[in-house]
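Please keep the view open while going through the points.

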Amino acid sequence: MARLDVTRDMYCTALQLKEKKRELYAQAMKTCPDQVGVATFKMLLDAETEHMEIIRKAYEEAKAGRAGGEVCGLSAIDAAGKKSLLRKIASEKQKVSRACFDDVAAIEAGMRMEDASISFFTGTLDRAADADERRFLERLIEEEREHYRLLADLKFYYVDPEHWFMETSSTGLDGAGAFS
């Protein structure tokens, strides 16, 4: 198989994985009445959309024989910002909507898809054509792991909200509250 065919197959598979996740997150966003769930699914949907465009551009660069250094750069991960937004929304509500317990299945499906993407990109690293492609794949793996962590955090929020609030706030068990 020619190098370009391997590259094309890798990018096509990546796009297929991303599209499946986009569809799941769009559907989950529509059916979840809880603001925290909607905000999380929206962040993930937007990230997958952005990744698809970046992957398409990177493939075009690879096809043209150009190094995709600037194209292959994903936007910086703002994990702290994403989590603080979720904490802010959740703390304003202070209780979890019962309706979203059904969404735990969607969250778990998303976690499985993110895990499959991590496995695919990790397995593809040894076939990277060059250092730029390898860095691109490593960055995608990093992003997919962050998506997995966000979904795991959302699942924790729905399954055990009391412990989620305790763990994500600065309140101690003594009831004294957080230090300012």
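**Notes on the salt bridges**

1. Glu19 has a relative accessible area of 27% and is therefore partly exposed, a class that lies between buried (under 20% relative accessible area) and exposed (over 50%), with a 1.4 Å probe and protein chains only. Its partner is Arg22, and the two side chains meet in a salt bridge at 3.5 Å, N to O, where the term stands for a side-chain nitrogen of Lys or Arg within 4 Å of a carboxyl oxygen of Asp or Glu.

2. This is a predicted model, in which local features need pLDDT of at least 70 and side-chain atom pairs count only at pLDDT 80 or more, while totals for chains, interfaces and linings use all residues. Residues are numbered from 1 along each chain as its sequence is written, and side-chain values use heavy atoms, with hydrogens and water left out.

3. Arg22 and Glu19 are three residues apart in helix H1, so about one helical turn separates them; helices (H or I, at least four residues) are DSSP runs, numbered from the N terminus. Arg22 is partly exposed, at 23% relative accessibility.

4. Glu48 and Lys18 also form a salt bridge, at 2.9 Å, N to O. Because Glu48 lies in helix H2 (residues 35–63) and Lys18 in helix H1 (residues 3–31), the pair ties together parts that are 30 residues apart in sequence. Both Glu48 and Lys18 are buried.

5. A network of salt bridges links Lys18, Lys21, Glu48, Glu114 and Glu144, and the structure holds 12 salt bridges.

Notes:
Helices (H or I, at least four residues) and strands (E, at least two) are DSSP runs, numbered from the N terminus.
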